[in-house]
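Here is a short briefing for work at the level of residues. Take a look at the sequence and the model before reading on.

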Amino acid sequence: MARRGVHVIVVGNEKGGSGKSTTAFHLAIYLLYEGFKVASIDVDSRQQTLTWYVRNRRDWARNRGLRIPHTTHFHLPLARGDSVRENHRADFDLFRQAVAEVEHDADFLVIDTPGFDTNLTRLAHSLADTLVTPVNDSLIDLNVMAQIDPVTGEPREMSHYSRLVQRARSERLAIDGKTIDWVLVRNRISMLSSRNMRQVQTMLERIALRLGCRVADGIAERVIFRSLFPTGMTVFDPLDEDLLGGLPSMSHMSARQEYRNLVSALHLPTAEITAAHKAQAPADSDPVHKFIHMMQTDN
Ligand SMILES: Nc1ncnc2c1ncn2[C@@H]1O[C@H](COP(=O)(O)OP(=O)(O)O)[C@@H](O)[C@H]1O
Ligand SMILES: [Mg+2]
């Protein structure tokens, strides 16, 4: 699939519950607040967590009369036909259409992927300029990247997911000569330093060396991430007391800072895109972009 212009961020990991959808949504909204045009695609046709996030946000904003930014969002239909082959075909077509629609218009495209391997998951990975893999602070989660030798502690064999990424990398190289910048992002980091945490950190660094990816310090374990989903709010939105049940806390401020640090660790081409914007249309600086365009095909 030919693609120019938009910078694609894919959030992927075969481990469910590692924080893919939460990270995808927060990255997308953060980039909107930075003044970029952001599109999002939910490839997880079963759970559709990102899509629900986007919907909840739209409904909440409408209900409260809030002027907050939204992504241009696409999702795959939940309603399935009888033929698996035809369903895959339809998913592929929708995905292609979505990418074609935003590739010259959006600055960033954030793609959330499911915790299972499908052709579409593979295609999405091969389009990534930046691949973000959230990893929980647990040795079990590391096993999803590579099997670890119990004696030496060295990564032994690449996991199914790591091989999927390596294939996507080769495909990408063959298509347009570009490389995928793969970043493992620690998520739900425990606030308390522990032996397990230090072990995870050391292992992650070894795995990263073996897989040719980077490790970024991500986000701590914070209750606030679980409470925001029903309203589709993020830690970047102006959260009122009503919503929070109190004033924004230190934890909330720290979460913002962690995301800022994370985005800077991702080395996204924000400066280049900003420069291109300035050169193109100095008047077009409204950070509140197009309202959500949903594919209403699943109801
Ligand atoms: N940093 C965090 N702190 C606390 N809870 C988190 C954090 N990140 C994610 N979660 C919670 O973990 C669960 C799984 O997150 P989700 O983004 O749906 O994962 P995935 O998409 O990988 O399945 C959700 O309940 C979410 O609210
Ligand atoms: Mg998810």
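Which residue in β7 is the bridge partner of A146? M158 is the bridge partner. This is a predicted model.

**The β6/β7 hairpin**
- β6 spans residues 146-148 and β7 spans residues 155-158.
- The two strands pair in the antiparallel sense, over three bridges.
- Six residues lie between β6 and β7, and the unit forms a hairpin.
- G153 sits in the turn, with a positive phi of about 75 degrees.

**The shell around ligand 1**
- Ligand 1 has 16 residues around it.
- G19, K20, S21, T22 and F225 come nearest to ligand 1.
- By class, the shell holds nine polar, five charged and two nonpolar residues.
- Three elements each supply at least two shell residues: α1 (20-33), β8 (181-189) and α8 (223-228).
- α1 gives the largest share of the shell, with three residues.

**The largest nonpolar core**
- This core has 61 residues.
- The members that touch the most others are V10, A28, V38, F108, L109, V110 and I111.
- The largest share of this core comes from α1, with seven residues.
- I111 is in contact with V8, V10, V11, I41, V43 and A124, leaving aside neighbours within four places in sequence.

**Where the topics meet**
- α1 provides the largest share of the ligand 1 shell, and α1 also provides the largest share of the core.

Note on methods
Residues are numbered from 1 along each chain as its sequence is written. Chains are lettered from A and ligands numbered from 1 in the order in which they are written. This is a predicted model: local features need pLDDT of at least 70, side-chain atom pairs count only at pLDDT 80 or more; totals for chains, interfaces and linings use all residues. A residue is near a molecule or strand if its C-beta atom, placed from the backbone, lies within 6 Å of it. Helices (H or I, at least four residues) and strands (E, at least two) are DSSP runs, numbered from the N terminus. Ala, Val, Leu, Ile, Met, Phe, Trp, Tyr, Cys and Pro count as nonpolar, Asp, Glu, Lys and Arg as charged, and the others, Gly among them, as polar. Two strands pair if DSSP finds at least two bridges between them. A nonpolar core is a set of buried Ala, Val, Leu, Ile, Met, Phe, Trp, Tyr and Cys residues joined through C-beta atoms within 7 Å. A residue is buried if 20 or more other C-beta atoms lie within 10 Å of its own, exposed if 12 or fewer, and partly exposed in between; C-beta atoms are placed from the backbone. Two residues are in contact if their C-beta atoms, placed from the backbone, lie within 7 Å.
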